[in-house]
Amino acid sequence: MALSFYVHIPYCVKRCGYCDFNTYTPSELRSGDLSADISGVSEGYIDRVLKEIDQARSEVSAAIVPTIFFGGGTPTLLEAHDLSRVISKIKSEFEVSKDCEITIEANPDTVTEDLLTKLREGGFNRISFGMQSAVPHVLATLDRTHKPEGVGRSVALANSIGFEHISVDLIYGTPGESIADWEISVNSALSMAIDHISAYALIVEAGTKLSNQVKRGELVMPADDETAEKYRIADDLFASAGFSWYELSNWAKPGGECRHNINYWNGSNWWGVGPGAHSFLGNERWWNVKHPSAYQERIDSGLSPKLAGETLTLENHKDEKIMLQIRLVDGIDRKTLTSEQNSNAARYLESDHISHSHWSQGRVVLTQSGRLIADRIVRELMV
Ligand SMILES: C[S@@+](CC[C@H](N)C(=O)[O-])C[C@H]1O[C@@H](n2cnc3c(N)ncnc32)[C@H](O)[C@@H]1O
Ligand code: SF4
């Protein structure tokens, strides 16, 4: 059995205005049980992560690990030797495939040559930087701590140190971002030695600083048409630079696709370690307690950190498959769809939202315009 690992690192120096991820800053932690100083939590947090891996080992007797992904939060805030201890632990408890993809997410201003060298030596072979934009006023609206120059410097360092795969995340549709600003960000990313790009439309999450600024009228979100235009611009520029789309928000050079995320979208097994992390094994899905101090308490008492879970029925499985696979460049096998679903999809052929050539080869694959209305098409297929 294949089992991927996701390792959640729930710490950030400062919360970006748009972000509602399960992450905690020193001031948010001050009310909890953990030390307010993030640099002091590295060893203790990782000790508990290792204990959850022991729990995984006792539940899953044997597995081959094809990918490991450290996400956050800001994983690069922790000590390199602590992060590497997690890799060693997974290697000691499971069979890790020879070409295992081991990714770390990084905030561009938290990496130094020393840290990257140690991470590479510890086994990380892929790094993903949260670039978001190359335009200072956009980064300021996003409330980011890094400067545009920091990204190119960090990517060049990662490249010289020998990371096999390097990715950057971009965000489009920030209030005040012009089309020209977005083109600058896309071209800046393309000027770097990377083989993967994720580009996400900015989502206004309830309860964030951004959402309050939008509510008070201090920031105005752009019209949907403009955001769609930015997707088209990016997709065209990425394609002409040799980056093909392989998932709605992800583009890669050949061989640069993130195998961890592909496994996730294909419904493979994965174990999410850490507070709030989700896991999926066979027909079972569960998620851990959310706060780091609750996680610490559970692990220290020898208990599982699982908060709740659900068993997927055959129907749930089919719906999930449609939702995930429609996002992928290989799309959905038409034979797995009912005749009603096939005829609903056929309507989008006429409007060129679904590719004619793939349809005649038996697959439902979105065109560029189809990708822009993927949510609507999914709803029509969930009958
Ligand atoms: C965990 S972060 C990446 C690593 C690191 N924490 C950083 O931000 O540099 C994952 C990515 O999710 C994206 N993201 C987070 N919140 C978002 C939102 N509200 N709308 C769109 N993208 C978002 C950002 O592009 C971010 O880089
Ligand atoms: S650094 Fe990343 S995880 Fe942390 S608040 Fe910002 S976007 Fe969220």
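Ala, Val, Leu, Ile, Met, Phe, Trp, Tyr, Cys and Pro count here as nonpolar, Asp, Glu, Lys and Arg as charged, and the others, Gly among them, as polar. This is a predicted model, in which local features need pLDDT of at least 70 and side-chain atom pairs count only at pLDDT 80 or more, while totals for chains, interfaces and linings use all residues. Residues are numbered from 1 along each chain as its sequence is written, and ligands are numbered from 1 in the order in which they are written.

Start at ligand 2. The residues around ligand 2 (a heavy atom within 4 Å) are Cys12, Lys14, Arg15, Cys16, Tyr18, Cys19, Gly73, Thr74, Asn107 and Arg144. By class, this shell has four nonpolar, three polar and three charged residues.

A cavity is a set of points, on a 1 Å grid over the protein atoms alone, where a 1.4 Å probe fits but cannot get out; lining residues have an atom within 4 Å of a point. There are two cavities of 30 Å³ or more. The second largest cavity holds about 30 Å³, and its lining consists of Glu52, Gln55, Glu59, Trp271, Ser304, Pro305 and Lys306. Two of these lining residues are nonpolar, two polar and three charged. Helix H2 (residues 42–59) contributes most to this lining, with three residues; helices are DSSP runs (H or I, at least four residues).

Last, helix H9 (residues 224–240). Its 17 residues should span 24 Å at 1.5 Å a residue, and because the end C-alpha atoms are 25 Å apart, the two values agree; the expected span is 1.5 Å times one less than the number of residues. Just after H9, Gly242 has a positive phi of about 95°.

How values were computed: Side-chain values use heavy atoms; hydrogens and water are left out. On a 1 Å grid over the protein atoms alone, a cavity is a set of points where a 1.4 Å probe fits but cannot get out, and a pocket is an open set with protein on both sides within 12 Å along at least five of seven lines; lining residues have an atom within 4 Å of a point. Grid points are joined across faces, edges and corners, and a volume is the space filled by probe spheres set on the points. Helices (H or I, at least four residues) and strands (E, at least two) are DSSP runs, numbered from the N terminus.
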